[in-house]
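Please look at the sequence and the model first.

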Amino acid sequence: MEETKAPASKTYHISKRKEDNKWQVKAAGADKALKLFLTQAEAIEFAKKTAGNQEAKIMIHKEDGTFRRLSYKK
């Protein structure tokens, strides 16, 4: 009997870039940010919409890179 595994859920990270002090939303493992923002609040709102029905997780980082919140639920 063949096992079927549920697809791995996607994770989006919200973090501050050092080179330009902008907040980025980036998929885990991605090289480039999906989008850049001037405020963390804007980045969180975008990530919530992007995660939408994908059952994706959102990892929110503080300015120093440590975790502010490990996951964000709708």
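The model is predicted. Gly29 is part of the loop that runs between β2 and β3 (35-37). Gly29 counts as exposed because its relative accessible area, 82%, is over 50%. Along the chain Gly29 and Tyr12 are 17 residues apart, and their C-alpha atoms are separated by 9.4 Å.

Gln24 belongs to strand β2. Gln24 is buried, since its relative accessible area of 11% is under 20%.

The table sets out the two accessibility values.

| Residue | Relative accessible area | State |
|---|---|---|
| Gly29 | 82% | exposed |
| Gln24 | 11% | buried |

In soluble globular proteins, nonpolar side chains tend to be buried together. The largest nonpolar core here has 13 residues, and the members touching the most other members are Tyr12, Ile14, Val25, Ala43 and Ile58. At least two residues of this core come from each of β1 (11-16), β2 (23-27), α1 (40-51) and β4 (57-61). Helix α1 gives the largest share, 4 residues.

Ile14 is one of the core members named above. Residues up to four places away in sequence aside, Ile14 touches Trp23, Gln24, Val25, Gln40, Ala43, Ile44, Ala47, Ile58, Met59, Ile60 and His61. Among these, Val25, Ala43 and Ile58 are also listed with Ile14 as touching the most other members of the core.

Notes. Residues are numbered from 1 along each chain as its sequence is written. This is a predicted model: local features need pLDDT of at least 70, side-chain atom pairs count only at pLDDT 80 or more; totals for chains, interfaces and linings use all residues. Side-chain values use heavy atoms; hydrogens and water are left out. A nonpolar core is a set of buried Ala, Val, Leu, Ile, Met, Phe, Trp, Tyr and Cys residues joined through side-chain atoms within 4.5 Å. Buried means under 20% relative accessible area, exposed over 50%, partly exposed in between (1.4 Å probe, protein chains only). Contact means heavy atoms within 4.5 Å.
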